[in-house]
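Please prepare a briefing on the model shown below, grouped by topic, with the cut-offs behind each term stated once.

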Amino acid sequence: MENELHSLESIIEKNLSGHDLEEFNRIYYGRRDNLPLKLKESSFAAAEEGNFDVAGYAFPAALEHTRPPRIVRLAVVQHSLGTSTDKPVHEQRQAIYEKVKRIIDVAGEEGVNILCLQELWSLPYVFCTREKQPWCEFAESAEDGPSIKFLSELAAKYNMVIISPILERDESHGDVLWNTAVVISETGAVLGKHRKNHIPRVGDFNESTYYMEGNTGHPVFETRYGRIAVLICFGRHHSLNWMMFGNNGAEIVFNPNATTAAEGGSKWMWNIEARNAAIHNTYFTAAINRVGYETFPNEFTSGDGKPAHKDFGLCYGSSFFCGPDGVRCPGLSRVRDGLLIAEVDLNKNRQIADRRCYRMTQRLDYYVQSLSKVVELDYKRQIISEFEKQ
């Protein structure tokens with residue numbers, strides 16, 4: 001348990017300095033200096049009062065002759081629940097609103113342009129329980145639900161695009177539920193939404209009990225500050241999912257999650273997947289995770305043969321940003337609420353694409369032909385064996 005509570009950053013700070021620290025940063029993060037942003041003293045004061053961390057890092061690009069810099073301030077928020085899960089739904093929701101508002105206020109004062117919240121931020125991650133009541137009462141309209149109204153005011157106040165991943169109730173189509181990310185523009189209007197493409201069926205993650213795979217494709221949202229996309233949680237394990245957002249023109253892909261330090265290996269993959277996606281698709285990525293243990297009133301069982309239990313493990317935070325060159329910043333805490341800010345120059349995307357030529361060499365037409373064969377019922381795998389020749 002003690003080891004789970006220490007972040008890699010805290011371990012490194014205690015044990016390395018000078019040249020050794022620079023070498024670690026170069027190998028692990030991709031640069032010797034993580035380029036921390038100078039944030040306002042008032043932001044640190046507000047964070048201390050609100051019991052959350054705040055940090056920021058820069059991702060500059062080379063100066064160009066033909067294009068001015070495209071500087072954008074991005075932010076992600078990770079947080080724990082505001083109260084216990086045995087309280088009435090409206091009390092649980094309001095406690096989260098109050099917690100998140102304090103963090104967004106700091107982001108607004110720091111001039112953040114685009115902010116993304118964690119997966120299903122406005123409710124406990126109830127999908128392990130398989131219970132429908134009272135959890136389905138958290139579901140809301142993606143157009144005018146309570147969390148949308150709450151965030152629309154903050155978006156307009158701070159001239160900020162806010163990505164709000166919610167449990168959507170589609171009243172126009174039989175009250176079907178979806179795991180949905182709503183994009184609210186800096187005017188406070190709903191720009192659009194994206195529904196989670198890939199649903200886990202593993203261990204405690206019994207999400208298909210509540211909603212199915214999304215039907216919105218791979219939309220990219222053209223905002224005042226840049227073209228953004230939202231790849232929700234389990235979809236990070238599917239490389240084609242990342243690729244399609246890039247093919248549709250995304251410059252920044254946010255990946256809101258609720259993932260735990262389970263034996264299945266999520267914590268080992270966490271530092272790799274969003275970083276790989278940034279490299280392969282030459283765009284910026286942001287990986288966001290919840291924080292803390294979420295305990296529920298009733299015991300539930302999982303698909304892993306474990307005894308009945310009331311929580312599904314530690315959501316380990318560790319949210320971070322990564323650039324198209326594979327350079328990432330230190331992550332937030334494993335156990336504390338936090339706001340992480342990145343000041344990026346979007347010109348970096350084209351600069352890296354021109355250098356590495358991944359898009360030029362990816363040969364989509366070649367793989368379209370191969371994949372069209374794979375999905376046929378009579379597909380025969382392309383295996384060459386010396387034993388078949390005998």
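The protein has an average pLDDT (the predictor's confidence in each residue, from 0 to 100) of 94, and 97% of the residues score at least 70. This is a predicted model, in which local features need pLDDT of at least 70 and side-chain atom pairs count only at pLDDT 80 or more, whereas totals for chains, interfaces and linings use all residues. Residues are numbered from 1 along each chain as its sequence is written, and side-chain values use heavy atoms, with hydrogens and water left out.

**Confidence by element**
- Helices (H or I, at least four residues) and strands (E, at least two) are DSSP runs, numbered from the N terminus.
- Among the elements of the protein, the lowest mean pLDDT (83) belongs to helix H1 (residues 8-15), and the highest (99) to strand S3 (residues 114-116).

**Packing of H4 and H5**
- Helix H4 (residues 89-109) packs with helix H5 (residues 146-158) at an angle of about 15°, their axes being 11 Å apart; axes are lines fitted to C-alpha atoms, for helices over the stretch in contact, and angles run from 0 to 180 degrees between N-to-C directions.
- That angle makes H4 roughly parallel to H5, the term for angles under 35 degrees, while those over 145 count as roughly antiparallel, 65 to 115 as roughly perpendicular and the rest as oblique.
- Contact (heavy atoms within 4.5 Å) involves Arg93, Tyr97, Lys101, Ile104, Asp105, Gly108 and Glu109 on the H4 side, and Pro146, Ser147, Phe150, Leu151, Leu154, Lys157 and Tyr158 on the H5 side.

**The open sheet and its helices**
- An open sheet with mixed pairing is formed by 5 strands in the order S7-S8-S9-S10-S15, where two strands pair if DSSP finds at least two bridges between them.
- Strand S7 (221-223) and strand S15 (320-322) are the edge strands, each pairing on one side only, and the twist from one strand to the next averages 25°.
- S7 pairs with strand S8 (residues 226-230) in the antiparallel sense over 3 bridges, and Phe221 stands opposite Ile228 in S8.
- Helix H6 (residues 239-247) lies across S8, strand S9 (252-256) and strand S10 (284-288), running at about 145° to S9, whereas helix H7 (residues 266-281) lies across S10 and S15 and runs at about 160° to S10.

**Backbone features in loops**
- Gln133 and Pro134 are joined by a cis peptide bond with omega of about 5°, and Pro134 lies in the loop between S3 and H5.
- Leu35, although not a glycine, has a positive phi of about 50°; Leu35 is placed in the loop between helix H2 (18-28) and helix H3 (41-50).
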